[in-house]
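I ask you to look first at the sequence and the model before I comment on either.

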Amino acid sequence: MNYFTVQLPLLFFHLCCVFKSNCKISLNLRSFIMFNGNSLKVAVRVRPFNQREKAMRSKCIISMAGNNCTILDPKDLQNKRTFTFDYCYWSTDEYIENDQGVFLPNGPHSRYISQEHVFNELGRAVLENAWNGYNATIFSYGQTGSGKSYLMTGYGGNKGLVPMICEALFQEIKQRQSKDGQFYVYFSMFEIYNEQVQDLLSKVRKPNGLRVREGRHGFYVECLKSVPCSNFKQLEALLDQGIRNRSVATTNWNTTSSRSHMVINIHFQQVFANQFMTKHSEINLVDLAGSERQRSAGAAPDRFNEARAINLSLTTLGNVISSLSDKAVGKRVQYIPYRNSILTRLLSTALGGNSKTIMVTMISPADIYYDETMSTLRFAERAKNIQNRAVINESLTEQLLMDLKEDNTGLRARIADLEKAGDVHIDEQEVLKKLIVDNERQLKDMQKSWQQKLEEARREWEQQYSCILKEEQMMAELPYFLNVNEDPQLSGAVKHFIHHGITTIGRTAGLQQDIVLKGLGILDQHAVLTSHDHKVVLEPINKARILINGVPVLTKHQLQHLDRVIIGSCSFYLYVGFPHERNDRDKIHKYNYEFFASELASIEGFGKVNVGMGEELKENLDPDLARIFHDFIAIMPMVAQANQISEELNKGVIFEPEVKNLTSTDAKGEGLEKEIIVKVINKVTKQVEIWPLDKFTDRKLLIEGIYQHFLENGTIPNMVEQDPFWDSVEILHLGSAHVWLETLAYCIAYEDQVEAINYRGKEEAIIQIRLLPCSPSGNPLREESVIVDPDDLLGKRMDFQMQITLCLGVKWIQGNSSRGVQIGFMMYGLPAMFYAPAVWNNANFEMDYTMCFMIQHVTADFLSYLKTHAVVLELWGLQEGCQEMETEFAHVALAGNGSVLLDLCYKNQWTSVPQDSEKCRSKLSEQLKMLEEEIENLKDANRSLKSENIKMQRELERLRNLPSSPGLVTNGGPMKSANDRSNQKSPFLSWDAEFAKALKTFYFSMIGVRARLIHLKEVRPLDEGRILCLRYFANERNQLIEELGEELESCVGKLKNDIAKIIKRKKELQIDAVSPP
Ligand SMILES: Nc1ncnc2c1ncn2[C@@H]1O[C@H](COP(=O)(O)OP(=O)(O)O)[C@@H](O)[C@H]1O
Ligand SMILES: [Mg+2]
C-alpha cells in the first residue's frame, strides 16, 4: 500500500499545529498541554582533534565524567570550570574505524560515544515525541568544524541524526500501518543566509530569498517546497538533492556555508480514519551557522566594526536564549526578541514554545580554542534554563474543513465591513485577502482525492529516481569532475560527467555549454574537454584561469586520474578518471579542500618553506609554522575570491596574502611571531595597504555582500565612505636588516652592506652601514684601541656612531618612482625609534646619516647586549598621502655633546607612551627617584674610583723610582719604563693591536661562514616525499658542508698563522730585550 499524501503548503501545518501560547486558537483543536519534563535539554559533544590542532601539538583541555564537563584554562591549570548538562558525549579518542569507515568504540571499556549512541538517546526521544504528536527540535551549535554537520547529517558510513531518525520513522510506520491508521511524511529543507531564505529542494535560487510571513498561528516560509515521502530511500535522495543544491549555491553565489543555517523540517501526520482524528508533529533539525564570528572582543578596530555582528540570526538566537533563561530564573524580561531575525521567527516555537527541544553544543578538545569553547559552554549553560510548553497536536479531520470554510466566510464579511466603512486600512485588507486565498488553496488541496495526490507524488518520485539511477550508471562508465568544497559536508555533492567527444565548460550566456558553472572567474566559454581513446584532454579558452595540481595550465593538458582541477578562482574539482584507472585503494577523501589549498599555498605563497601537503603535513613541523600554514591555506581561496570580485566590479584592487615574519628574526636573531596579513594594492595609484587577517575576513564579508547585491540587482550600492575595498594609506614595513653589534665589544669598527629582507626572505634593498667606536670628541678610534677582552670596557665610558651611507636597489621605489623610503632602528631598548631622513623617488641613493651614542659606564648588561644583539634596520615604504616619521628625541636623554645617552636605566621602561596624565606623572616621579638613586650610586662609585686612582698613582710613582727589572712581566709582555714608552712605541701596545687585527680579520671571515651555516640550517628539500628530491638535496647539502669545512679550515688556519707570527716576533723582541747590547 502506498502512503503518499497531499502536498499541502506549509501554512496549513502551521495552522494546524504551530501556535504560540498567546495566539487565539480559532480552530477547534484539542490540545493537551504537558508541562512535565519541558525544559530544553542540553547535550555537549567533544569531537576528535583535527589536523590543525594535531600539527600545533595542542593539548586536551576537556574532561567528562557522568553529566559533568570540565574545561581547563591552558594558561592557568589551577583554573578549571565544571558545567553540568543533560548529556555529555566524549567522542575524542578510544575509537577505531571499521572497514566501512564507521567510527566505533575500540573496546568494551572505551568512553567513545558513537553516532548510533547519540541517536539511541536523542534521536529516539525525538521519534517518541513525534509519535505522541509533539513538535520536536534539535539544534546543533558550535564553531565551524566542531562537528555540527557530522552530528546532523553525518559523513559516509557515520550517518547522522537526520537519516537515522527518518529511517527509524519509516521502519516504525511499516510496523504500525493498518486499515485504521495512515501515516504521512513531508520533507522540506531550507537555508538562511544573510537573512534570506532559500529553498534547498528547489534548483532555482530566488533573488533576495523567499518571503517569511506571519500567519495567524506563527511564521512560515512562503512557497517552500514540502515533498511527500513514502520511504526512506526517497527521503535520502531529497536530502542529497538539498545538499547538492546548497553546494552549487556556495560555488555559484560565492557564499560560505559556515555562515548559513540549514533547517530540515519533517512534517509527520497520523490520520486515524475511524476516529476522525489527526495527529501532527513538526520535527525541525537545525544545523546552525558557525558560532565563531559572534565574538568581537580583541578584534582590531575598523570603521566597519558592525560587520562583525554579521550573522543577525545567530546573534538574535543568543539574545532570545538569554532572555528566556533570565525569564526562567525569575528575572523581569520585557519581551523576547523573536522577531529580530529570520531564524528566531521561524523557530520561535522551538524556543520557549510548543516543542520538545534539544540543543547539542559541539566543542573542540584543543587548548587553542579555549576562549571559543568556554563561550560555547556558557551559551549552553544559559540554554538549559529554558522552559518550553509542548502540546500534543491533535485535531478532528472533518472539522478542519468546516472550520476553514467558516473562517473564509468570516474573513469576507470583515473585508466587506472595512470597505463599507471606507476604512483606509489597505494593509489589513491585503492581509485578509491573502488569508482567504491561502485558505481556499488548502480547501482545494484537502478536497482533492488522496489517490490523485498519491499519483502526482509518485510520478515526481519516479522521475527523480530515474535520474539517480542514470547518475549511478554514468559514474560506473564515464570519467567525471567531483566538487570539493571548504565545507566537508558539501564536498562530493556535485558531479559533472565527461562524455565521449567534446564537452564544453562555461557560463551559459549566449552559447549553450555542456557543463555550466557560474562560480567566480568563470568565463562564458572557459574550457573544452576532449574525451577520446580513454584519454581526456583539457584546454582553457582565451587564457581562462585553470590550475591543475596547483599549477596554471595555458595549453592542452591530458588529465590524470585524481588530478586536482581549479576552474576560475573558487571552483574546485577532483578529476575521477575512467573506470579502468580507478582503484579500490584510491583515497578520494584525502583530496579535500585543505589538500587543494595547501597545494596552492606551497606553490604560490610559502615559497621555499616546505611544510608538506594536506593530511600529510610534516610530523615534526614547528607548531607555530603549522598554525600559520593552516591559516594561510584557509585564506588563500578567500583572497582569490576577493580578487575576482574586485575584477568583476572593476575596483582596481589586488589582494595578496603574506606571512608576516615568515623568515624574519628579532634583534637577538630569534624567530618573530608569525602572522597572516593581506597586502591590498591599488592597481592604478600603486598604493599599498596592509590588513591583518581579522580585518580582511570582515571586509571580505562586506565585499561578498556588495557582490551579491550586484548579482541580484545589477548595481553596486553607492559607497564612497562605505567602500570596503579600501582605506587610507599608511606607511608599510618593507623589510629589515640585521647589523650585529659584537664588533663594538672589541672596539672594532665595522662596515658592511646588509640586505633588507622582506617577510618572505627576499631582498628589498641593500643598505650600507658603519658602526664606529669613537673618542669622546667623536673621532673614530684607531686600530690601537682594539681590545682583546671586552670585560676591559667594564665601568669605562664608550662612544660610538651608527652611520647609514648608502641604500641600493630599493624594490619599493623601483616598482613606482613616486614612492619613498625611510630607515628606522632601535638601540639598547631606548624608548624611541631613530629614523634617518626620508628619501623619495630614488631607488639608489647616498645618505649622510650619523647618530652618536654614549654610555658613561659600560655595564655587564650592556656588554652582553653588544655580544648577543643586532641593530635591526627597518625599511619603511612611504607613499603619497602618508606622513614621514620623525625621531622623538623628547623620549631620550642627550649628553652635552649631543650624543644619545645609553646608560640611564631606561631599558624596558618606556616601551609605551603613557596614556593619561595622572599615570604619566606618577611614572615620571618614579623615574626621577630612580635617577636620583642612580646619581647617588654613581657619586659613590666616583669617590671610590678617585681614591683607587690616587692609590694607583702612588704605586706607579713607587715603581718608577725602582731600577728597571727584566723579570717583571704583565699580561704576557714585559713592562717598560715610562721613559722607554715616551721614546719608542710600546711593543706591548702594538702586539695587542696586532692580535686585534688578526682577530678582526678572523671575525670578518666568520661572518660569511655564519651566513652559510644559517642557510644550511634553513634550507629544506622541495618535496620530502620524493626519493629523487631527497637524493638531490643530500648531494647539494654534502657539497655545501664540504665548502663550509674548507672555508672554516682556511679561516682558522689564517688565524693560527697570524698568531704564530705575532708570538714569534714577540719572542724575538723579548730575546732582544734580555740579550746584552
Ligand atoms: N564526533 C566526531 N567523530 C569523528 N569525526 C568528527 C566528529 N565530529 C566532527 N568530526 C570531523 O570534523 C570535521 C568537521 O566536522 P563538521 O561536522 O563538518 O563541522 P561543522 O559542521 O561544525 O563545521 C569533519 O571532517 C568531521 O568528519
Ligand atoms: Mg557544517
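Some conventions come first. This is a predicted model, in which local features need pLDDT of at least 70 and side-chain atom pairs count only at pLDDT 80 or more, while totals for chains, interfaces and linings use all residues. Residues are numbered from 1 along each chain as its sequence is written, chains are lettered from A and ligands numbered from 1 in the order in which they are written, and side-chain values use heavy atoms, with hydrogens and water left out.

Let me begin with the chain. Its secondary structure comes to 21 helices and 48 strands; these are DSSP runs numbered from the N terminus, with helices being H or I of at least four residues and strands being E of at least two. The chain has 1077 residues, and 49% of them count as buried. Buried means under 20% relative accessible area, exposed means over 50%, and partly exposed lies in between, with a 1.4 Å probe and protein chains only. The accessible surface of the chain is about 53100 Å², and carbon and sulfur atoms hold 52% of this. Such areas come from the Shrake-Rupley method with a 1.4 Å probe, and for residues only the protein chains shown count as cover. A contact means heavy atoms within 4.5 Å. Among contacts in the chain with a separation of 6 or more, 68% join residues 24 or more positions apart.

I turn now to the ligand. Which residues come nearest to ligand 1? Of the 16 around it, they are Gly145, Lys148, Ser149, Tyr150 and Tyr155; a residue is near a molecule if one of its heavy atoms lies within 4 Å of it. Helix 4, residues 148-152, gives the most to this shell, with three residues. By class, the shell holds six nonpolar, seven polar and three charged residues. Here Ala, Val, Leu, Ile, Met, Phe, Trp, Tyr, Cys and Pro count as nonpolar, Asp, Glu, Lys and Arg as charged, and the others, Gly among them, as polar.

A polar side-chain atom of lysine 148 lies 2.8 Å from an oxygen atom of ligand 1. For tyrosine 150, a polar backbone atom is 2.7 Å from an oxygen atom of the ligand. For tyrosine 155, an N or O atom in the side chain is 2.5 Å from an oxygen atom of ligand 1. Taken alone, ligand 1 exposes 550 Å², and the protein buries 82% of that.

Next, two helices. The expected span of a helix is 1.5 Å times one less than its number of residues. Helix 5, residues 161-176, has 16 residues and should therefore span 22 Å; its end C-alpha atoms are 22 Å apart, which agrees. Its buried residues include Leu161, Met164, Cys166, Phe170 and Ile173. Helix 9, residues 370-383, has 14 residues and reaches 20 Å from its first C-alpha to its last, close to the 20 Å expected. Among its buried residues are Tyr370, Glu372, Met374, Leu377 and Phe379.

I come to single residues. Is serine 281 buried or exposed? It counts as buried because its relative accessibility is 0%. Serine 281 lies in strand 18, residues 277-287, and its side chain reaches the backbone oxygen of tyrosine 134 at 2.5 Å.

Serine 257 sits in the loop between helix 6 (232-252) and strand 17 (261-272). At 7% relative accessibility, serine 257 counts as buried. Its C-alpha atom is separated by 6.8 Å from that of aspartate 487, 230 residues apart along the chain. The two side chains make a polar contact at 2.7 Å; that term means a pair of N or O atoms within 3.5 Å where, within protein, one must be able to donate a hydrogen and the other to accept it, and residues adjacent in sequence count only if both atoms are side-chain atoms.

Leucine 1055 lies in helix 21, residues 1027-1074. Not counting residues up to four places away in sequence, leucine 1055 touches Ala998, Leu999 and Phe1002.

Lastly, a backbone detail: phi of arginine 57 is near 50 degrees, a positive value in a residue other than glycine. Phi of asparagine 208 is likewise positive, near 65 degrees.
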